[in-house]
Amino acid sequence: MKKYVFICLLAILAIGFTSCNKDSVPFHKETIDLVVKADNWEFDEGANMFFCRFEVPSLTEKVYNYGEVSVSREYNTGTQNAYQVILPETTYQAVDLDNNDGTTTPYYYQQHIDYATGIGFVEVFCTISDFFYEDFNPGNMLFRLQMSW
């Protein structure tokens with residue numbers, strides 16, 4: 001019996017030594033919080049949308065060309081109810097518009113949030129349906145940039 005245990009251990013050890021490869025590529029992962037305050041949003045008149053640009057030096061040419069990059073929006077940050085939604089995200093919203101006669105009319109719209117990445121930067125975009133931006137600002141948001149390479 002000892003003979004079989006010894007042979008099995010020897011076989012496992014041999015497999016362990018032969019599976020080591022000096023050419024193996026290390027795996028890297030980095031998560032960066034992208035915080036947008038309401039005042040940070042800029043409006044692009046030509047594209048008719050809000051955007052916010054982040055400089056991300058760790059999003060190198062190597063990560064851009066050979067890695068995986070994704071952005072999520074986080075809700076309920078810092079609570080036990082926190083959750084993330086991967087972008088792009090479309091939400092359905094409503095706001096009451098003042099009719100200037102003491103009454104309001106509900107206005108229903110879609111808010112679409114998306115992103116673009118490039119070497120050294122991430123841009124987040126916020127567009128609402130019908131481009132109705134009267135008294136609109138996307139507000140404070142937290143995005144989570146996740147990179148793997």
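**Charged residues and strand pairing in a predicted model**

Leaving aside neighbours within four places in sequence, E89 is in contact with R73, Y75, Q111, H112 and I113; contact means heavy atoms within 4.5 Å. The model is predicted, so local features need pLDDT of at least 70 and side-chain atom pairs count only at pLDDT 80 or more, while totals for chains, interfaces and linings use all residues. Residues are numbered from 1 along each chain as its sequence is written, and side-chain values use heavy atoms, with hydrogens and water left out.

E89 is found in strand β6. Strands (E, at least two residues) are DSSP runs, numbered from the N terminus. At 8% relative accessibility, E89 counts as buried. Buried means under 20% relative accessible area, exposed means over 50%, and partly exposed lies in between (1.4 Å probe, protein chains only). The side chain of E89 makes a polar contact of 2.6 Å with the side chain of Y75. A polar contact is a pair of N or O atoms within 3.5 Å; within protein, one must be able to donate a hydrogen and the other to accept it, and residues adjacent in sequence count only if both atoms are side-chain atoms.

Y75 also has a polar contact with R73, side chain to side chain, at 2.8 Å. R73 sits in strand β4. R73 is buried, at 11% relative accessibility. Not counting residues up to four places away in sequence, R73 touches several others, among them Y83, Q84, V85, L87, E89 and Q111. Its contacts also include M141, L142 and F143.

Salt bridges come next. A salt bridge is a side-chain nitrogen of Lys or Arg within 4 Å of a carboxyl oxygen of Asp or Glu. The count comes to 5 salt bridges. One of them joins the side chains of R144 and D33, at 2.5 Å from N to O. This pair links distant parts of the chain: R144 is in strand β9 (residues 141-148), D33 is in strand β1 (residues 29-36), and they are 111 residues apart. D33 is partly exposed, with a relative accessible area of 43%.

R144 also meets E74 in a salt bridge, at 3.5 Å from N to O. Because R144 lies in strand β9 and E74 in strand β4 (residues 68-75), the pair ties together parts that are 70 residues apart in sequence. E74 is buried, with a relative accessible area of 14%.

E55 is exposed, at 56% relative accessibility. R53 is partly exposed, with a relative accessible area of 39%.

Strand β3 (residues 49-55) has 5 of its 7 residues buried, so the strand is largely enclosed by the rest of the structure. Strand β2 (residues 42-44) is joined to β3 by 3 bridges, and the two run antiparallel. Two strands pair if DSSP finds at least two bridges between them. The bridge partner of E42 in β3 is F51. The hairpin of β2 and β3 has 4 residues between the strands, and there N48 takes a positive phi near 60 degrees. β3 also pairs with strand β8 (residues 121-128), in the antiparallel sense, over 6 bridges. E55 stands opposite F121 in β8.

D101 is found in the loop between β6 (89-98) and β7 (104-118). D101 is exposed, with a relative accessible area of 55%. A polar contact of 2.5 Å joins the side chains of D101 and T103.
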